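Q: Can you walk me through this one? I'd like to start with a side-chain contact and then move to the sheet.

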Amino acid sequence: MNTKKEDIIIIGCPRSGKTTLTNMLMKNDNSYNNISLDSLTMAIKKSMPESGIKEDSKLKIISKRIVPFLVTYLHCYKCDYPDKKYLIEGLQINPDHLMNEPFFNDAKVIGLGFPNAKIDEIFNNIRREDEQLPFSYTKKMSDDELRERISFYIRYSRFLQSKCDEYDIPFYETNKNREQVLNTIFKTLVKGNQISDGIEI
């Protein structure tokens, strides 16, 4: 197995541990170029209405439009910094679009989510986290709004898990023993073991 450092893509629903895992990896090796798909998508929504990405756009539409943009950006970036590796994390990529883009063939891809969780379980976890996160967007949500959003997170997690299974992408459930699970993923990525070094299309 090839253990050289590779580009990393972390896909998952909100509150599944994407940012926490990214911060762990960046703290361990700050030579990565971190790309937040959430921030990138929000910037495009606000500044480029001609992109077709709107506030109410479905994820499959966002993914279909954001992946070509991301590939173009990374091609340009790697021309200037050929030895720099990237670490992408976000919600907005459909594995179908990712896996059909040859540019990402050598990236390590993982999925995070909670397809088997109960709404109340995630709700309680988020409300506990809200007490420790001063700028949490979920603080502003009513309990009913948050539960509706969590229902979507769970449906998305099931979709993502099915796609990860289809493409042989490692998928991790993070609703239970989250810290332990994230530490396991972190060690796996750092050591270059267990996760495939290439993506087969």
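A: The side chain of Gln92 makes a polar contact with the side chain of Asp38, at 2.9 Å. A polar contact is a pair of N or O atoms within 3.5 Å; within protein, one must be able to donate a hydrogen and the other to accept it, and residues adjacent in sequence count only if both atoms are side-chain atoms. This is a predicted model: local features need pLDDT of at least 70, side-chain atom pairs count only at pLDDT 80 or more, and totals for chains, interfaces and linings use all residues. Residues are numbered from 1 along each chain as its sequence is written, and side-chain values use heavy atoms, with hydrogens and water left out.

Q: Where does Gln92 lie?

A: Gln92 is in the loop between strand S3 (86–90) and helix H4 (95–99). Helices (H or I, at least four residues) and strands (E, at least two) are DSSP runs, numbered from the N terminus.

Q: Why does Gln92 count as buried?

A: Because its relative accessibility is 8%; buried means under 20% relative accessible area, exposed over 50%, partly exposed in between (1.4 Å probe, protein chains only).

Q: OK, the sheet. What's the strand order?

A: The open sheet of 5 strands runs S2-S3-S1-S4-S5, with parallel pairing. Two strands pair if DSSP finds at least two bridges between them.

Q: Which are the edge strands?

A: Strand S2 (33–36) and strand S5 (171–173), each pairing on one side only.

Q: How many bridges join S4 to S5?

A: 3. Gly113 has Glu173 in S5 as its bridge partner.
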